Amino acid sequence: RRLEEEERTRQEALERANRKKEMQRQRGTCGSWVLIETDDFKKNFTPSTKCVAIGEDGVHICLYDNGVWAYSSYLPDDVHKLLHTRALSHPSPDYIALGSMDRFYIRFTNGKSQWVGPDDLH
């Protein structure tokens, strides 16, 4: 009985791995995007860059190891406001993702997050 359970568990894991591989194959391995202000991006992307988010219309933001950030024009208003109204004593952003329609996700160094997205994420 135990051997049957182990085999079933192994088969289920193999099926999950195969489904994941197929999803990745369908998704593809290449992407393309357009950046605005390419020279700014080249200047902003440094060895201390820990996170880069590229959003709609080529907007970008870089987060650095020391807690500061740099970004291009057209950063979504809510992201700009959130970053610029934080007190210096507040945790800095640790991870950021930019989406379409001014959606975003930001995780701070204390583990808390803020985002604008579909209602089912709240």
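Student: How many aromatic pairs does the count come to?
Tutor: This is a predicted model, where local features need pLDDT of at least 70, side-chain atom pairs count only at pLDDT 80 or more, and totals for chains, interfaces and linings use all residues. Residues are numbered from 1 along each chain as its sequence is written, and side-chain values use heavy atoms, with hydrogens and water left out. Rings of Phe, Tyr and Trp (its six-membered ring) pair if their centres lie within 6.5 Å; planes under 30 degrees apart are stacked, over 60 edge-to-face, the rest tilted. By this rule the aromatic pairs number three.

Student: Which residues form one aromatic cluster?
Tutor: A pair of aromatic rings is described by the distance of the centres and the angle of the planes. The cluster here consists of Tyr-95, Tyr-105 and Trp-115.

Student: At what distance from the ring centre of Phe-108 does Arg-86 lie?
Tutor: A charge sits over a ring if NZ of Lys or CZ of Arg is within 6 Å of the ring centre and within 35 degrees of the ring normal. Arg-86 lies over the face of Phe-108, and its distance from the ring centre is 3.8 Å.

Student: Is Phe-104 buried or exposed?
Tutor: Phe-104 is in strand β5; strands (E, at least two residues) and helices (H or I, at least four) are DSSP runs, numbered from the N terminus. Buried means under 20% relative accessible area, exposed over 50%, partly exposed in between (1.4 Å probe, protein chains only). Phe-104 has a relative accessible area of 7%, so Phe-104 is buried.

Student: How far apart in space are Phe-104 and Val-79?
Tutor: Beyond four places in sequence, Phe-104 has contacts (heavy atoms within 4.5 Å) that include Val-79 and Leu-82. Phe-104 and Val-79 are 25 residues apart in sequence; C-alpha to C-alpha, they are 7.5 Å apart in space.

Student: Why do the buried residues of α3 line one face of the helix?
Tutor: In α3 (residues 77–84), the buried residues are Val-79, Leu-82 and Leu-83. Seen down the helix axis, they line one face because they fall within an arc (of directions from the axis to the C-beta atoms) of 95 degrees.

Student: Which exposed residues does the face of α3 turned away from its buried side carry?
Tutor: The cover over the buried residues of α3 includes β2, β3, β4, β5 and β6. The face turned away from the buried side carries Asp-77 and Lys-81.
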